[in-house]
Amino acid sequence: MTIPVSQLSDPAVRAFVTALNANDEVAFAAALAPGASMSDDGSERDLGQWTDREVFSSHGHMDVESESDDGRDLVVRYRNDTWGEMLTRWHFTVDGGRIARFETGQA
């Protein structure tokens, strides 16, 4: 059973997931703090290139299975047109109500 996005505890994380699932690049950018960064499976990635490839051009979608750390750690069934579906973990750092960093990888 998944957690509805509207019930995610952290407002910044909720905005991030909502924008990602809607494939809304404008809302996604608005959810990020200036200079936001990310890593995938422990490797630093260029956030713009990664999100274009793994989210927007491949229709990424997050189904949240669980949350912890006040909603800043998620276990997600992530899927896109390139890789299919996989169980992933996401950790978010929030600054000023926006996502300053996220780290993702296979769970």
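1. Asp10 counts as buried, at 7% relative accessibility. The model is a predicted one, and in it the side chain of Asp10 meets that of Arg72 in a salt bridge, with an N to O distance of 2.8 Å. Asp10 belongs to the segment before helix 1 (11-21) and Arg72 to the loop between strand 3 (61-68) and strand 4 (73-80), so the pair ties together parts that are 62 residues apart in sequence. Arg72 is partly exposed, with a relative accessibility of 29%.

2. A search of the whole structure gives seven salt bridges. One of them joins the side chains of Glu44 and Arg101 at 2.5 Å, N to O. This pair links distant parts of the chain, with Glu44 in strand 2 and Arg101 in strand 6 (residues 98-106), 57 residues apart. Glu44 is exposed at 53% relative accessibility, whereas Arg101 is buried at 18%.

3. Arg79 and Asp63 form a salt bridge whose closest N and O atoms are 2.6 Å apart. Arg79 lies in strand 4 and Asp63 in strand 3, 16 residues apart. Both count as partly exposed, Arg79 at 33% and Asp63 at 23%. Elsewhere, salt bridges that share partners join Glu44, Arg101 and Glu103 into one network.

4. Asp41 is placed in the loop between strand 1 (32-40) and strand 2 (43-45). Beyond its neighbours within four places in sequence, Asp41 is in contact with Thr104, Gly105 and Gln106. A polar atom of the Asp41 side chain lies 3.0 Å from the backbone nitrogen of Gln106.

Notes. Residues numbered from 1 in each chain as written. Predicted model: local features only at pLDDT ≥ 70, side-chain atom pairs only at ≥ 80, totals over all residues. Heavy atoms only, no water. Helix = DSSP H or I, 4+ residues; strand = E, 2+ residues; numbered from the N terminus. Contact = heavy atoms within 4.5 Å. Polar contact = N/O pair within 3.5 Å; in protein donor to acceptor, adjacent residues only side chain to side chain. Salt bridge = Lys/Arg side-chain N within 4 Å of Asp/Glu carboxyl O. Buried < 20%, exposed > 50% of the residue type's maximum accessible area, 1.4 Å probe, protein only.
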